[in-house]
Amino acid sequence: MTAPVEAGAKGVGASLPRKEDDRLMRGRGEYVANRRVVGLQEVAFVRSPMAHARVLAVRKPEGAEQQVFVLADLDGVKPIRAVCGLPGFRVSELQVLAGDIVRYVGEPIAMCVAATRAEAEDLAELVEVDLEPLPVVADMLAALTPDSPKVHAHWDRNAFLESMVDDDLSTVKRDAAIVVRRTVRTARQCMAPIEGRAVVAEYDRRLDQLVVHSATQMPHINRTGIAECLGIDQASVRVVAPDVGGGFGYKGILLAEEICLGWYARRTGRPVRWLEDRYEHLSGNANCREHHYDITGYADASGRLLGIDCEAVVDAGAYSLYPFSACLESAQVSSILPGPYVMDRYRCHTYAAATNKPPILPYRGVARTGVCFAMELVLDAIAREAGREPWEVRMANVVPSDAMPYTNITNKYFDSGDYPECLRRTVAALDVPAWRARQTRGEPDGRRVGIGLAIFCEQAAHGTSVYHGWGIPMVPGHEQCFARLSPDGALELRIGTHSHGQGMETTLAQVANEVLGIDPARVRLIHGDTALTPYSTGTWGSRSMVMSGGAVAAACTVIAERVKAIAAHLLEAAPADLELADGDVRVTGTDHSMTLQEVAHAWYRQPQRMPPDIDPAGLETTAGYKAVRDTGTFSYACHACAVAVDTELGTVEILDYVIVEDGGTLVNPMIVDGQVYGGLAQGIGSALFEEMPFNADAQPLASTLADYMLPGATEMPTVRMEHMTIPSPITRFGQKGIGEGGAVAPPAAIANAVNDALHDLGVEITECPITPRRLLAALAEAKAGR
Amino acid sequence: MTRIALKVNGQAVDRDVAPRRNLVDFLRDELNLTGTNVGCEHGVCGACTLEIDGAPARSCIAFAVACDGASVRTIEGFDDDPVMIELRAAFNREHALQCGYCTPGMLVTARDIVTRLPDADEARIREELSGNLCRCTGYVGIVRAIVSVMAARKSSSGGR
Ligand code: FES
Ligand code: FES
């Protein structure tokens with residue numbers, strides 16, 4: 001579909017260095033906290049110290065009535081509701097400041113405003129809050145038992161939603177020579193972008209408009225949500241997301257804090273800001289990844305999968321938040337658990353459990369990381385039973401190459417790919433026989449070596465039918481781009497998605513180059529401002545390169561036609577004989593040409609030169625895009641690694657790590673690599689380090705980055721990566737969403753390697769992160785049991 | 001309030017500061033030098049790394065009053081620094097930044113590694129970077145960039 005990239009090429013397929021780097025490297029990034037506003041005040045929130053309590057009283061410090069605000073002050077403000085459209089959903093309401101009940105540690109109770117954050121915190125300390133403790137629901141499994149106390153008193157069960165993909169398993173139960181049943185668990189995590197959340201709210205008197213600068217991935221969604229909660233017209237709200245210091249899902253949310261600050265700025269006319277600190281982030285926003293699986297795999301004697309039966313619980317926390325709701329994660333679990341495999345029967349019962357913990361948000365990979373972990377552990381267990389290499393068992397079970405495109409057992413449409421080839425290349429790159437030989441020799445230092453792999457496929461850029469099917473309150477539709485060739489021949493692009501590390505200022509300029517032949521240096525991307533850009537659900541779900549890339553191409557195609565129409569007249573040629581390249585419009589096969597700048601100059605400044613029938617819409621347009629199908633692209637990857645396990649210390653060292661990935665046509669391979677490496681680091685965090693423990697009172701136990709371990713440079717192995725570039729048949733250039741995949745497979749691949757190293761000791765890890773404490777406990781347990 | 005006199009990016013600064021004011025807030029909010037970012041405010045992430053008297057320091061756990069008489073250099077003060085120019089080119093070439101939030105602190109640390117430990121190998125570089133967290137890049141491009149600047153400096157200095 002795409003020609004090989006020529007040297008010096010700047011279009012789709014070029015590893016163009018990023019346009020955005022220079023300002024960021026000189027300290028000229030404009031993050032929300034950098035915004036300077038005269039008279040800016042700062043906010044500190046009083047937050048709940050208890051996970052579940054009745055709020056008896058909140059007393060403001062004397063004389064501070066105009067600086068401290070509670071729910072009763074916020075007249076006209078509505079709670080945040082995110083109602084899933086699936087039947088049986090139990091509705092929660094999050095008051096933006098606590099009402100009668102607080103339901104997790106960190107829930108905002110009062111807003112304190114002062115000249116500086118330090119003074120606002122001083123004030124917060126003086127606010128007296130009387131809480132009457134209520135029974136706490138700290139664990140998702142206990143939450144679902146009939147006698148559990150309730151997170152929401154009027155609910156009959158602590159579950160936002162229960163759902164079922166049902167199937168008759170009697171034949172597979174009868175026929176299976178191998179049955180493996182495992183209990184699998186993943187820990188609660190913090191997404192931990194290095195920049196926390198940040199909000200500056202101002203009131204523009206001239207426009208009667210609330211202007212909110214927010215570190216968000218989805219400014220238009222925040223605008224809609226803020227307007228609805230404040231009960232005002234959307235025209236009265238503008239949201240700006242300037243440079244944002246990493247998202248990963250953490251900033252894909254309508255915040256209670258945004259609404260509080262917005263209310264204050266409108267009420268008083270005074271600007272105000274809140275910058276989330278790390279303590280607030282860690283103690284109140286560990287909000288992702290916590291899954292539990294009771295999963296059984298049925299296979300024949302050779303390890304061919306016959307069926308999967310699973311009961312999965314997702315700890316969705318205390319409230320359903322906008323826009324993804326408490327159900328996205330559990331809905332994903334049941335629909336994607338089968339992964340890249342073919343099977344005859346599949347049954348999955350999922351629960352989005354409610355607990356007194358922070359409300360869940362979709363973290364990079366969303367449910368895929370947990371699902372891949374559960375499924376791939378089961379595949380390895382089956383391989384052990386069958387006495388075969390894990391990769392061989394996978395080879396026997398993945399969708400065969402010639403079956404693509406393939407509709408799987410949950411009706412997912414795999415648009416393209418070659419899973420067996422991906423496996424083959426990964427196994428070759430890791431050199432399995434060499435590791436097996438090394439295992440036999442043993443390590444001189446007494447550590448145990450193991451190898452493991454994991455393969456997954458990843459639905460990305462999924463659209464209307466998928467989100468509607470999951471009942472999510474936000475359903476993406478078409479994506480738009482506004483494009484304008486300006487009088488000097490430069491191109492302005494405006495998009496509604498947001499770039500917060502993905503490098504879209506560069507990649508979308510490459511798309512424009514591909515279509516218009518314009519130098520990417522002459523393309524300026526405007527994004528992150530609801531006043532300047534088309535409406536969009538924003539950046540999430542690895543959708544931007546597919547959706548905004550498609551929209552930019554569509555808009556540039558329109559501009560190209562209009563440029564040709566003008567140039568045809570000026571060059572006295574037929575539009576069909578013109579081509580666009582290197583910033584010129586050329587009569588094909590001749591040296592008769594004019595520059596884009598000359599065309600633009602003529603259109604804007606010499607309209608007398610235009611023919612009478614020229615399209616009056618000129619050199620600007622808004623064009624929309626939707627992929628050929630809205631079922632999403634299916635990128636996929638196989639991760640394989642070798643580890644050395646120290647059974648004395650319980651530590652795991654990654655000795656080698658290989659990734660073979662298919663992201664379809666790579667718009668900018670350097671940036672794709674960067675996305676995968678970054679995801680991998682987060683996945684290694686999930687596998688080995690990152691965990692927010694809660695005690696029985698649902699108190700978070702890690703409140704600094706010294707307790708919550710993020711991977712550093714020394715924890716990252718050297719990675720080898722190969723790309724397969726099978727184009728997606730459903731997207732503009734064949735590109736597939738790849739922003740999340742790196743974070744999906746590491747826990748599975750690493751756990752499988754650890755289990756490979758330890759299985760003759762009778763150890764099988766089924767929980768992550770695989771911390772020394774967990775590993776040593778498993779070793780001790782195995783020893784005691786033998 | 002306490003009166004302090006210090007140098008910031010070569011300029012003399014004379015101000016009253018509250019004793020509890022940390023250096024990074026002082027620089028950002030009072031001197032409008034917003035290039036230094038704040039990630040944790042407890043000395044772990046390294047986003048706020050800058051130079052105090054020529055050595056890398058965490059400005060979130062340094063009090064402004066403690067910098068009386070010191071010479072402070074923030075990312076803005078490295079615009080024309082020859083080593084930083086090389087590092088910026090390498091960071092760009094090797095895709096060593098995504099969101100850019102850790103980058104100013106990362107560059108200050110990188111410059112320190114390059115100048116202080118010209119012979120460091122990759123393992124040592126990683127160790128030296130362990131006080132700077134990046135959530136976006138997986139450190140791959142960062143390490144490559146530093147390695148490449150060191151190699152280039154060695155070959156241009158005649159491979160000492
Ligand atoms: S902000 Fe200073 S070390 Fe994190
Ligand atoms: S580039 Fe985002 S934290 Fe390093």
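In the predicted model, the contact between the two chains draws on 52 residues from chain A and 43 residues from chain B. About 3900 Å² is buried between chain A and chain B, with 54% of this area on carbon and sulfur atoms. On the chain A side, the residues that lose the most area to chain B are M25(A), I194(A) and A713(A), which together account for 19% of what that side buries.

Polar interactions also cross the interface. Between chain A and chain B, 28 residue pairs are in polar contact, both residues being at pLDDT 80 or more. Six salt bridges are found across the interface of chain A and chain B. One of the salt bridges joins R26(A) to D79(B), with 3.3 Å between the closest N and O atoms. Helix 1 (21–25), helix 2 (117–126) and helix 17 (669–689) of chain A each contribute at least two residues to the side of chain A that touches chain B. Helix 17 of chain A gives the most, with eight residues. Sorted by class, this side of chain A comprises 25 nonpolar, 15 polar and twelve charged residues.

Chain A also contains an open sheet of three strands, ordered 22-23-24, with antiparallel pairing. Strand 22 (578–581) and strand 24 (593–595) of chain A are the edge strands, each pairing on one side only. From one strand to the next, the twist averages 20 degrees. Strand 23 (residues 584–587) and strand 24 of chain A run antiparallel and are joined by three bridges; R586(A) lies opposite S593(A) of strand 24. Helix 16 (residues 596–605) of chain A packs on the sheet and touches strand 22, strand 23 and strand 24. The direction of helix 16 makes about 75 degrees with that of strand 24 of chain A.

Definitions and conventions: Residues are numbered from 1 along each chain as its sequence is written. Chains are lettered from A and ligands numbered from 1 in the order in which they are written. This is a predicted model: local features need pLDDT of at least 70, side-chain atom pairs count only at pLDDT 80 or more; totals for chains, interfaces and linings use all residues. Side-chain values use heavy atoms; hydrogens and water are left out. Contact means heavy atoms within 4.5 Å. Buried area is the accessible area (1.4 Å probe) that two parts lose on being put together, summed over both. A salt bridge is a side-chain nitrogen of Lys or Arg within 4 Å of a carboxyl oxygen of Asp or Glu. A polar contact is a pair of N or O atoms within 3.5 Å; within protein, one must be able to donate a hydrogen and the other to accept it, and residues adjacent in sequence count only if both atoms are side-chain atoms. Helices (H or I, at least four residues) and strands (E, at least two) are DSSP runs, numbered from the N terminus. Ala, Val, Leu, Ile, Met, Phe, Trp, Tyr, Cys and Pro count as nonpolar, Asp, Glu, Lys and Arg as charged, and the others, Gly among them, as polar. Two strands pair if DSSP finds at least two bridges between them. Axes are lines fitted to C-alpha atoms, for helices over the stretch in contact, and angles run from 0 to 180 degrees between N-to-C directions.
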